[in-house]
Amino acid sequence: MSEWGGQQHQGSRKRKRRSNKDEEQPLEPPRLPEPSESKAQRVLYVACEGESTEPDYLNYLNKRFGDGSYGVPQRFMIHPVKKGNGYTPSRAVAAVRDKAVEGCETWALFDRDDHHDIPQALKEAAEDSTEVCYSHPSFDLWLLLHFQQLSGRQGKSSDNVHEKLRKAHPAFRRFDKPGGGKGLDESRRRALEGKVGAAIGHAKGLVTQCEHGSCKANQRVTKPVDRDDPGNPDYLPQSTRKWAARSGHALDCEVLKRDPSTDVWRLLESLGITADAD
Ligand SMILES: [Zn+2]
């Protein structure tokens, strides 16, 4: 396993020492924690293959659900790991491994697109228990599923997904078009609100509709990996097939043939996000 950068973060875990000047000042009465602060915050590092859409979406999750809103059982903070021009899938797995604080959960989001290193990315993710959210053809399918279901093979191209997304809501009318970009601005975030339950349902439906025939969303594994206990069987290196089947696909369902599919719902379910309608 590579280094986790624990050293550089060691200081951030320690309480800052007060200066002598501070110690001479009268102590303030202790502040009682707000109810939402009484539970430890869950911290996740999530590598994004893309440079804008995925990080924007993760920041949206932090803002909308991270404080425990909508029945989320534990406060959380996602640290998106990204870089300009994005990562290849295997680079995304390596990047989150290098950037995450020791003991924190690591996830990687990557797409089918035209990548050749997906088997390598899955293998490396399985070896160090980095959770994978694979999307075929792309993460943008997850956005579309907020508005509608999708069926039929998409191949490596996201053109059809983008076309449907542009028609699904006015905020996405210029998505991936000149002047429209692929980021999630305020209007696009608002367009997603109230629809997360539908998106999860549609994405789970794609597992069950998988051409393999034996894949079922209710076979998924959502239990987080306990990185504070390296002896935990969940933490030990997994076979690539077993790791890639955590989304409910059969052990022998080839990842590259899961078309269309997206595992992003697993991240939300893991966080306890099930719906955001009042
Ligand atoms: Zn399958």
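I started with helices α9 (residues 196-208) and α11 (residues 264-271), whose axes come within 9 Å and cross at roughly 125°. The axes are lines fitted to C-alpha atoms over the stretch in contact, with angles from 0 to 180 degrees between N-to-C directions. At the contact (heavy atoms within 4.5 Å), I find Val 196, Ile 200, Ala 203, Lys 204 and Val 207 of α9 meeting Trp 265, Leu 268 and Glu 269 of α11. Sorted by class, that is six nonpolar, no polar and two charged residues.

A note on the source: this is a predicted model, where local features need pLDDT of at least 70 and side-chain atom pairs pLDDT 80 or more, while totals for chains, interfaces and linings use all residues. Residues are numbered from 1 along each chain, and side-chain values use heavy atoms, without hydrogens and water.

Next I looked at α5 (residues 118-127). Its buried residues (under 20% relative accessible area, 1.4 Å probe, protein chains only) are Ile 118, Ala 121, Leu 122, Glu 124, Ala 125 and Ala 126. I see α4 (89-99), β3 (105-111), β4 (131-136) and α10 (240-244) among what covers them. Just after α5, Ser 129 has a positive phi of about 60°.

Last, the aromatics: I get seven pairs, counting ring centres within 6.5 Å.

Terms used. Buried < 20%, exposed > 50% of the residue type's maximum accessible area, 1.4 Å probe, protein only. Helix = DSSP H or I, 4+ residues; strand = E, 2+ residues; numbered from the N terminus. Nonpolar A, V, L, I, M, F, W, Y, C, P; charged D, E, K, R; others polar. Phe/Tyr/Trp six-rings, centres within 6.5 Å; stacked < 30°, edge-to-face > 60°.
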